[in-house]
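Me: I would like to go through this model in short questions. Please show the sequence and structure before we start.

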There are 2 protein chains.
Amino acid sequence: MSLPHVLLGLLSENPSTGYDLAHALATDVAPVWRAETSQIYPALARLRRAGFVLLRVLAPQRGPRRNLYRITAAGRRELRRWVCEPAPPPRGKDEGLARMAFLDALSLEERRRAILQYDRGLAEEVRRLKAGTPLPRFRREVRRVAIERLESMRRSLRILLASAGTPPAALPARFDDKKK
Amino acid sequence: MSLPHVLLGLLSENPSTGYDLAHALATDVAPVWRAETSQIYPALARLRRAGFVLLRVLAPQRGPRRNLYRITAAGRRELRRWVCEPAPPPRGKDEGLARMAFLDALSLEERRRAILQYDRGLAEEVRRLKAGTPLPRFRREVRRVAIERLESMRRSLRILLASAGTPPAALPARFDDKKK
DNA sequence: CCCACCTATATCTGAATTGATATAGTTTCG
DNA sequence: CGAAACTATATCAATTCAGATATAGGTGGG
């Protein structure tokens, strides 16, 4: 339920078209929230019905029409309400890290490769974020948090790599928390 | 598309019931992947149709029946394949951090409160993870990565807090990357 | 001129996900 | 004994999301 709020947040900085929003989402908001255009246009329509944004249709003599959205006072109130509200627990969805949980299924050599491959993906994401354009104050701070989070993960992975080449430790066959 | 693979991973450690899997998911896999039971039972049925798990129905004299799932050789192959496969870029969905991006909408005092509130949520999650039960090797490592990631975020938040009480910096009114 | 790429809006399908609800036996504690 | 909590499986409706596709004009280079 927060894509509309993220869009409101972006619109609170500038009036924008759906395309602008999709672009901003893909380039700098991506580490905390991402969405396809197939979500964005319907979300804007809903924001409009709710009275949180106004639409102005720009129809220049040459060129296609552009739909410019502008936040309203009610929209700003709603944004404030959302930012203040306690955040729900993070919805963990990290497929790359999830895979690391089951490295036992692989041979020593494959493990090394899998870890290094995941690390390369993280490194690339760090590079991408560091190359970003200037941003408003707190958006920039959030990008920094995202970068540091990725770098923390890379450090953890280096430790993991060091121990992943080790032959499997002697472990009990079962890990039931409870017995029936 | 990775809930079935996470379930396969858990089943590669122990044969389990759907309930066991839901419990494991909620307690220790949660930071990287979470799911409701309403996803788990259908996912197990699909894994079964695909031949990756076998079902044994336990019907003790007393008590309701229990469905025990066991991974097959084909299931182990599929798990290995998935763990090796390059991971897609992380799907960032972090509603708490997303809110921090729009702190500009709040007053100085509200900002402080919002940041501290978010930090308390992270701290609680760290506590919960640290209190976890013993886990198989790599699952334990992944939990450690998750904890360090949270602690990295808390450090970043402390820096953010220090600067959030500052009056808004003079910033250009618009941040368009491109002009038309 | 044509091709490739970018700007721009919009929709459709199918899959994944959430949250709620139903059912039913078991255990535990007071 | 009764209430509460736990074990266990299952389904429903509603929403979110991903990926593909359609349409159309504009821009820049070869």
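Me: Which residues come nearest to DNA strand C?
Reply: This is a predicted model, where local features need pLDDT of at least 70, side-chain atom pairs count only at pLDDT 80 or more, and totals for chains, interfaces and linings use all residues. Residues are numbered from 1 along each chain as its sequence is written, while chains are lettered from A and ligands numbered from 1 in the order in which they are written. A residue is near a strand if its C-beta atom, placed from the backbone, lies within 6 Å of it. Of the 22 residues around DNA strand C, those that come nearest are A:T17, A:G18, A:Y19, A:S38 and B:S38.

Me: Which element gives the largest share of the surface near DNA strand C?
Reply: Helices (H or I, at least four residues) and strands (E, at least two) are DSSP runs, numbered from the N terminus. Two or more residues each come from α2 (18–29), α3 (37–49) and β3 (66–71) of chain A, and from α3 (37–49) of chain B. The largest share is 3 residues, and it comes from α3(A).

Me: How many residues of the surface near DNA strand C are charged?
Reply: Ala, Val, Leu, Ile, Met, Phe, Trp, Tyr, Cys and Pro count as nonpolar, Asp, Glu, Lys and Arg as charged, and the others, Gly among them, as polar. This surface has 6 nonpolar and 8 polar residues. The number of charged residues is 8.

Me: Which element gives the largest share of the surface near DNA strand D?
Reply: 22 residues surround DNA strand D, with A:S38, B:T17, B:G18, B:Y19 and B:S38 closest. At least two residues each are supplied by α3 of chain A and by α2 (18–29), α3 and β3 (66–71) of chain B. The largest share, 3 residues, comes from α3(B).

Me: How far apart are the end C-alpha atoms of α3(A)?
Reply: The expected span of a helix is 1.5 Å times one less than its number of residues. The 13 residues of α3(A) should therefore span 18 Å. The end C-alpha atoms agree with this, at a distance of 19 Å.

Me: Which residue just after α3(A) takes a positive phi?
Reply: The phi is about 80 degrees. The residue is A:G51.

Me: At what angle do α1(B) and α3(B) pack?
Reply: Axes are lines fitted to C-alpha atoms, for helices over the stretch in contact, and angles run from 0 to 180 degrees between N-to-C directions. The two axes are 10 Å apart. α1(B) and α3(B) are therefore roughly perpendicular (65 to 115 degrees). The angle is about 80 degrees.

Me: Which residues of α3(B) make the contact with α1(B)?
Reply: Two residues are in contact if their C-beta atoms, placed from the backbone, lie within 7 Å. α1(B) brings B:L3, B:P4, B:L7 and B:L8. α3(B) brings B:Q39, B:A43, B:L44, B:R46 and B:L47.

Me: Which element gives the largest share of the side of chain B that touches chain A?
Reply: 68 residues of chain B are in contact with 66 residues of chain A. That side of chain B divides into 36 nonpolar, 11 polar and 21 charged residues. The largest share, 13 residues, comes from α7(B).

Me: What kind of axis relates the two copies?
Reply: Copies are superposed by least squares on the C-alpha atoms of residues with pLDDT of at least 70 in both. Chain B is laid on chain A with an RMSD of 0.0 Å by a turn of 180 degrees and a shift of 0.0 Å along the axis. The copies are thus related as by a two-fold rotation axis.

Conventions. Parallel < 35°, antiparallel > 145°, perpendicular 65-115°, else oblique.
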